[in-house]
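Look at the model below before reading on.

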Amino acid sequence: MEKTFQPSDIEQNWYNTWEEKGYFAPSGEGDSYCIMIPPPNVTGSLHMGHGFNNAIMDALIRYRRMQGRNTLWQPGTDHAGIATQMVVERQLAQQNITRHDLGRDKFLEKVWEWKEQSGGTITRQIRRLGSSVDWSRERFTMDEGLSNAVKEAFVQLYDDGLIYRGKRLVNWDPKLHTAISDLEVLSEEEKGSLWHFRYPLEDGSGHLVVATTRPETMLGDTAVAVHPEDERYQSLIGKQVRLPITGRLIPVIADTYVEKDFGSGCVKITPAHDFNDYEVGKRHNLPLINILDRDAKILSEFTVLTFEGYESQHGEKAPEAYAGMDRFEARKKIIAEFEDAGLLEKIDPHTLKVPRGDRSGVVIEPWLTDQWYVKASVLAKPAIEAVEDGRIQFVPKQYENMYFSWMRDIQDWCISRQLWWGHRIPAWYDNQGNVYVGRTDAEVREKYNLGADIALRQDDDVLDTWFSSALWTFSTLGWPNNTTELKTFHPTDVLVTGFDIIFFWVARMIMMTMHFMKDEQGQPQVPFKYVYVHGLVRDGEGQKMSKSKGNVLDPLDIVDGIELETLVQKRTTGLMQPQMAKKIEERTRKEFPEGIASYGTDALRFTFCSLASTGRDIKFDMGRVEGFRNFCNKIWNAARYVLMQCEGQDTGANNESVELTLADRWIISRLQHAEQEICRQLDQFRFDLAAQALYEFIWNEYCDWYLELSKPVLWDDTASAERKRGTRRTLVRVLETSLRLAHPFMPFITEEIWQRVAPLAGVKGDTIMLQPYPAPDAAKIDEQALGDIEWLKGVILAIRNIRGEMDISPAKPIPVLFRNGSAEDQRRAESNLAVLRSLAKLESMTWLGDEEPPMAATQLVGELEILVPMAGLIDKEAEVARLSKELDKIAKEVARVAGKLNNESFISKAPADVVEKEKAKLADASATEAKLKEQLDKIQAM
RNA sequence: AGGACUAUAGCUCAGUUGGUUAGAGCGCUACCUUGACAUGGUAGAGGUCCCCAGUUCGAAUCUGGGUAGUCCUACCA
């Protein structure tokens, strides 16, 4: 074995072996356990969030697989309608082609081509993380099976009256020419202005002032609103205003929506271009005037509609100068015109939230269009109940509130998108504009009794990507067919996801699943029983990682390492804002002056698990990764030691008789404790505590103590064969078990070592992956061994403390005297002579009787005094200082506990066992204090 | 504006139902290349548990009120 652990030597080989041998597929035996991977965007590549997500899911799935469950972890990607279409369109643009040049079918061919070539980046990367997903069942939302499921779901929902088509205001992306959902709109504060315009009153009695952040929409104003109780404007209500530029007459209305204190207290109402104004318009039955085209340019002829039926009533010519003008150009011109006409009262600087498309970055327009909607409120009801009654549990629980608050105020879900890449809506129109929904053209004709002579045209739009993702848990298992996979693995067990997509995905998945999936009693099935929600991975300074900030980390760069120059280049290419490059470079050079070292997958995964506590976000600390890389190395070297001691030796693999030492019985006992703790924590999703328990057991108990305790036995030429065999057997068995315990967290290193250790432990098998997960056995806990080794550790630590504080070379053997010990102390000392001598590096050990002890440095372990004679070793001043420090500490403790016990109400009100404990504490501390004091006096008297 | 979450060592974080001498890793100090490991060992320093009040015999932990930060939702045209 190499002297240090080299992860790159082993990781890919083991992954290939596991995958080739089919170890990731369900075993077909045992109770099922299923996790569906949240499908990453097919255009995407690995980021830290995926790394975190995968570390947790793989830990869960490997844990359950080893426990004998019939595990399915199913991978796949979604087709990411907008993102993918953008990627391909950008490529076409480089050849000066638009998708319209190609036409729909040709364009889709191009998209598929692109998907075949580069769509698999992220799945290849997931392999590097060691994720044990069943690749044979990989799914893609545009696959045939899933496409059928989407069609089926749409038709059924339509037939159930839960999908409708209607004209509504939507978030319109004028660059991408599609509707997008609320959740794809990011509103950030930006600096703008509040323009105060004078609108002249029709009766010539003057003007009123409206304030607006979007002057260009005034072309579509259909009213001015004031608060009904605003005294300033009572007389205006019901009057008419002559809208400048257009000359249109509009009423002054009263509505409580208006804030009296904001701006002028008068609000211009543009129902076709603002969500709030839309509601006001509806209440007052105002006309809606649409002034923008799909590019958000001013129409040459506005469309005027009413709320009744949304039918276009008539057109209205735009002021000529504005026709075809971009919205922001129009804004400038309108302001100028107001100014020229003396109607611009003032301009106040104003910060406002500007809605932008998360993909395109352009300002989103509320725009009136025909779209398809899902009646979410109906579907939400059972979905809320499932969480209320615990059929679905969120971990941590507080996310349930977030879920409820969203679900209880849910809006209908706009599912149509004006894109080409996606599932085309299974709806057809005749020439009269009647709509027919069915799975195919033929089905529609039959269902609606339409003759072959009637021309039908399919809806051009596609469905929101999340519509298909919402079906993910069951569509990927074969729905609408009633497959054995569905029967076996649905409902799935856990969904692991970031809190940011609870609304995006989780809620919709619950709604859809419960509508379509019923159990044998006809009751709705939930998609999963637990939703494990983890936080965002942030950079070391707590900043959100983003390409534009240039602080993203690729988990594989931590696995493989990366040179500084390469990292700088990676972070500064392909930026949306190239001017940021310089800043990003500086920052990167400062943060990683040496680049990033190679830490290996196991260390990275262990880090993620260690950070997976219940808090919201994770500040990623490279120091932790390094620490866990060292932990891997520690395991590696422990294994090296064990193999050096045991390979080719008698390890009792065939159940030969053995003698187990105190140390053997102790480490076996501690192992039971570790097993219990790790399972307990994993069962409640506390990956951090499980990882910590594992770390402590392996490093602080097995390596620090047990391996050291094994040396005096193995190096003792006089030790019996049974004794040596017992020690070797324990070394090997405990290591083999520890590897199994660690495997879900660190799959690669554990497999590599296990292959060599397992035979020595008499364990047969091709892979650690399919070995049973360790389970604690109370019968193996030896209380006496636990007590004795604790005592032994105390004595050794006491001696080491004297050594350290007195600056005695660790290489120098020292004599030690014991005094005043109990019979138990004597027994323990005598049965551990060799160990004490070896671990504390003793020259001699002597029990003192009643004789006067020599001048010595002293430590106490309970009643037992441990003395290191001063002659030639101990400096008086140093010992005085050390004792004074000890004494100080213990005096404080005595005072504290005594104070407690002197408190009458403590004695009378605290439970008896607590009082007893405090009394014992005081007795111990006082005795120690007295002894230390005596010792200090003696030394000072020298 | 409403809501949620967070505040513990220089840094990143644990701390179960109130009873600990408040812990870990990294970093820091001193010493040590001893036959698994310097990606190591040994010993150590380091804390007003954000502040104030309350409940209690007893509060990092429970309650109330502040302060600071993060996030979400709704937004003021």
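Start with Asn820, in the loop between strand 29 (814–819) and helix 27 (823–831). Helices (H or I, at least four residues) and strands (E, at least two) are DSSP runs, numbered from the N terminus. Asn820 is not a glycine, yet its phi is positive, about 65 degrees. Most residues other than glycine have a negative phi, and most peptide bonds are trans.

A word on the ground rules. This is a predicted model, in which local features need pLDDT of at least 70 and side-chain atom pairs count only at pLDDT 80 or more, while totals for chains, interfaces and linings use all residues. Residues are numbered from 1 along each chain as its sequence is written, chains are lettered from A and ligands numbered from 1 in the order in which they are written, and side-chain values use heavy atoms, with hydrogens and water left out.

Now look at two prolines. The peptide bond from Val395 to Pro396 is cis, with omega near -5 degrees. Pro396 sits in the loop between strand 18 (393–395) and helix 11 (399–407). The bond from His490 to Pro491 is also cis, with omega near 0 degrees. Pro491 belongs to the loop between helix 15 (484–489) and strand 25 (492–498).

Next come the sheets. Strands of a sheet pair through backbone hydrogen bonds, either parallel or antiparallel. Here two strands count as paired if DSSP finds at least two bridges between them. One open sheet has 4 strands in the order 6-5-17-19, and its pairing is antiparallel. Strand 6 (178–180) and strand 19 (413–414) stand at the edges with a single partner strand each, so one side of each has no neighbour in the sheet. Strand 17 (residues 365–374) pairs with strand 19 over 2 bridges. Tyr373 has Cys414, in strand 19, as its bridge partner. Helix 8 (residues 275–284) packs on this sheet and touches strand 5 (163–173) and strand 17. Contact means heavy atoms within 4.5 Å.

Another open sheet of 4 strands runs 10-11-9-12, with mixed pairing. Its edge strands are strand 10 (240–242) and strand 12 (266–269). Strand 9 (residues 223–226) and strand 11 (residues 249–254) pair in the parallel sense over 3 bridges. Val226 stands opposite Ala254 in strand 11.

Turn to the rings. The structure holds 40 aromatic pairs. Rings of Phe, Tyr and Trp (its six-membered ring) pair if their centres lie within 6.5 Å; planes under 30 degrees apart count as stacked, over 60 as edge-to-face and the rest as tilted. Phe107 and Trp420 form an edge-to-face pair, 5.8 Å centre to centre with 65 degrees between the planes. Phe107 lies in helix 5 (residues 104–118) and Trp420 in the loop between strand 20 (416–417) and strand 21 (427–429), so the pair ties together parts 313 residues apart in sequence.

Finally, find RNA strand B. A residue is near the strand if one of its heavy atoms lies within 4 Å of it. Of the 57 residues around RNA strand B, Phe262, Asn276, Lys353, Ser613 and Asn801 come nearest. Which helix gives the most to this surface? Helix 21 does, with 10 residues. Of the RNA atoms within 4 Å of the protein, 65% belong to sugar or phosphate and the rest to bases. Polar side-chain atoms of His350 and Trp699 lie 2.9 Å and 2.8 Å from phosphate oxygens of RNA strand B.

Technical notes
Polar contact = N/O pair within 3.5 Å; in protein donor to acceptor, adjacent residues only side chain to side chain. Axes fitted to C-alpha atoms, helices over the stretch in contact; angles between N-to-C directions.
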